[in-house]
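Q: Could you walk me through this structure, starting with the overall picture and then going into the details?

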Amino acid sequence: MLRTAIQQRGRVDRDRFLQYYATVSHAPHRGLQTKIITQSLYRLIEHGLLIGHGYRTPEKWFIETVTLTSAGRKAARKALGEQQALPLHVKKR
């Protein structure tokens, strides 16, 4: 999910995450896919990697879009295997 969010930049619609199951050969049925994505989004929000945007009813939250936090961007870069450049200043003699 973090990889998808970092490639999109900005807000990512939750339907974008369902496209993953189009490439899987033995994908679960549509209702279970939605449940899996919802639980994953809740966990990533709890860990501070995503910000959820949507609306709240008295019973629960409905997440429509998500945005990466700075910690989420770092985790996504690490998952992608990109090495971050450090601002090294070397003194010349």
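**Burial and overall layout**

A: Of the 93 residues in the protein chain, 25% count as buried, where buried means under 20% relative accessible area, exposed means over 50% and partly exposed lies in between, with a 1.4 Å probe and protein chains only. This is a predicted model, in which local features need pLDDT of at least 70 and side-chain atom pairs count only at pLDDT 80 or more, while totals for chains, interfaces and linings use all residues. Residues are numbered from 1 along each chain as its sequence is written, and side-chain values use heavy atoms, with hydrogens and water left out.

Q: What does the secondary structure of the protein chain come to?
A: The protein chain has 4 helices and 3 strands, and along the sequence they follow the pattern α-β-α-α-β-β-α. Helices (H or I, at least four residues) and strands (E, at least two) are DSSP runs, numbered from the N terminus.

Q: In what order do the 3 strands form the sheet?
A: The order is 1-3-2, in an open sheet with antiparallel pairing; two strands pair if DSSP finds at least two bridges between them. Strand 1 (12–13) and strand 2 (50–56) are the edge strands, each pairing on one side only.

Q: And how many bridges are there between strand 2 and strand 3?
A: Strand 2 and strand 3 (residues 61–68) pair over 7 bridges in the antiparallel sense, and a hairpin of 4 residues joins strand 2 to strand 3. R56 stands opposite W61 in strand 3, and H53 has T65 as its bridge partner in strand 3.

Q: Staying with H53, which side chain does it join in a polar contact?
A: The side chain of H53 is joined to that of R11 by a polar contact of 3.2 Å. A polar contact is a pair of N or O atoms within 3.5 Å; within protein, one must be able to donate a hydrogen and the other to accept it, and residues adjacent in sequence count only if both atoms are side-chain atoms.

Q: What about G52, buried or partly exposed?
A: G52, in strand 2, is partly exposed because its relative accessible area is 37%. Not counting residues up to four places away in sequence, G52 touches I45, I63, T65 and V66, where contact means heavy atoms within 4.5 Å.

Q: New topic: where does helix 3 lie?
A: Helix 3 (residues 30–46) lies across strand 2 and strand 3, running at about 55 degrees to strand 3. Axes are lines fitted to C-alpha atoms, for helices over the stretch in contact, and angles run from 0 to 180 degrees between N-to-C directions.

Q: How many residues are in the largest nonpolar core?
A: The largest nonpolar core has 16 residues, and those with the most contacts inside it are L2, F17, I37, L41, L50, V66 and L68. Such a core is a set of buried Ala, Val, Leu, Ile, Met, Phe, Trp, Tyr and Cys residues joined through side-chain atoms within 4.5 Å. Helix 1 (2–8), helix 2 (15–18), helix 3 and strand 3 are the elements that give two or more residues to this core.

Q: Which residues is L68 in contact with, leaving aside neighbours within four places in sequence?
A: L68 is in contact with L2, A5, I6, L49, L50 and R73.

Q: And T69, buried or exposed?
A: T69 counts as buried because its relative accessible area is 16%, and T69 lies in the loop between strand 3 and helix 4 (70–80). Leaving out residues up to four places away in sequence, T69 touches G48, L49, L50 and I51.
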